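Hi,

Here is the structure I promised to pass on. Have a look at it first, and then read my notes below.

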Amino acid sequence: MLTIVLNWIYILFITFCLGFVFMQFSRKVLGYTFRSVNTVLMTGIIISTVYAQFFSIFYRVYTEANVILLVFCGLSCVILRKQMLEYIRENFRSCSLATKCMIPLLFLVWVIFTSRGHNLFDMDLYHGQSIRWIEEYGVVKGLGNLHMRFGYNSAIFASSALFSMKFLLGCSLHTLNGWIAFLSSIELLNLGKVFRRKKMLLSDYARVGLFYYLTTIWDEIINPSSDYAVMLTIFFVIIKWLAQLEEEDEARRNHIAPYALLCVAGVYTLTLKVTAGLILILLIKPAYMLIQQKQWKMIALYLTMGLIVAIPWFTRTVLITGWLLYPFPALDLFNVDWKMSDESVIRIDAELI
């Protein structure tokens, strides 16, 4: 349990720094600031995952990747120390006493859940192996020919490798799903507002759904499964989207940036698991708003963000399998030596999914 706590402190530091740097960009360029710390931390997870994927294309995701990230985060702390401290103080002051007591309790609960439980079949089949390959080699061309499940290429495996701390401990800590579950459970604390307002909002119903989902995975969160990462991220995006629609401040409610940024997060969920692609239907609202207001530069900016998130994942998939989307052989765009060529097996796998 102690190693998990230390690992989570490290993840907290890295993701907060990355998320805060992005929030400064959002404030200056997009005119929008994140209110909650867990939004900053989830943003940091997305950025660290994209970073780990880019890094894996050129080298292993091991000590070197962490050193570069630590240097960047250390510099950001030095440069933005006043803004960071003020942001932390403001959030601490705005929290109720109950929230201040519940967050450490939730932290302890999810540390316990993450430290024990039972392994899933897919953990031994390919989850743990996929992370090990990324830690030791990065991307290996044609790896899917060795084991077809490697072709699934969930982005969460890259960030799991980044935060595994194998370079310090000699073994990998698969704790990232537990950390994401902890962040998600903090969102449940907003259900306490239901008793004050004496009515349920749409976002509250989504939080109830998240609560139910967390009760079904607590004893399996020890696994670095892509299923948990994608489901928790989808819940996060949907809850934040609905809460934005219910925002009392009209200026914030009608701001394009949160909707567009949540769509970028939707692209991220697609890189966790292809079956999450339906969430991109959310693009309709910010796209309509941006086109209606003829904000062509902002359209280009958000599209660039989406591409930055998607390109390393597509690149990794092509390098591992020879296909742009695996296991969907209909998109046959590349003729490379390492291509997984047994289309009948790939097609059967796609039909099963």
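This is a predicted model: local features need pLDDT of at least 70, side-chain atom pairs count only at pLDDT 80 or more; totals for chains, interfaces and linings use all residues.

Residues are numbered from 1 along each chain as its sequence is written, and side-chain values use heavy atoms, without hydrogens and water.

Back to that pair. Helices here are DSSP runs of H or I with at least four residues, numbered from the N terminus. The axes of helix 11 (residues 202–217) and helix 12 (residues 226–245) come within 8 Å, crossing at roughly 165 degrees (axes are lines fitted to C-alpha atoms over the stretch in contact, and angles run from 0 to 180 degrees between N-to-C directions). That makes helix 11 roughly antiparallel to helix 12 (under 35 degrees is roughly parallel, over 145 roughly antiparallel, 65 to 115 roughly perpendicular, and the rest oblique).

Now zoom in on arginine 207, which sits in helix 11. With 5% relative accessibility, arginine 207 counts as buried (buried is under 20% relative accessible area, exposed over 50%, partly exposed in between, using a 1.4 Å probe and protein chains only). Leaving out residues up to four places away in sequence, arginine 207 touches Glu187, Leu188, Asn190, Leu191, Ile239 and Ala243 (touching means heavy atoms within 4.5 Å).

The other pair is helix 2 (residues 37–58) with helix 16 (residues 296–321): their axes come within 9 Å and cross at roughly 40 degrees. That makes helix 2 oblique to helix 16, and this crossing is left-handed too. Among the residues that meet there are Phe54 in helix 2 and Trp313 in helix 16.

Finally, the loops. Tyrosine 326 and proline 327 are joined by a cis peptide bond, with omega at about 5 degrees; proline 327 belongs to the loop between helix 16 and helix 17 (343–352). Methionine 165 is not a glycine, yet has a positive phi of about 60 degrees, and at 11% relative accessibility it counts as buried. Lysine 294, also not a glycine, has a positive phi of about 55 degrees. Is lysine 294 buried or exposed? At 59% relative accessibility, lysine 294 counts as exposed.

Cheers

Conventions. Helices (H or I, at least four residues) and strands (E, at least two) are DSSP runs, numbered from the N terminus. A crossing is left-handed if the near helix is turned anticlockwise from the far one by less than a right angle, and right-handed if clockwise.
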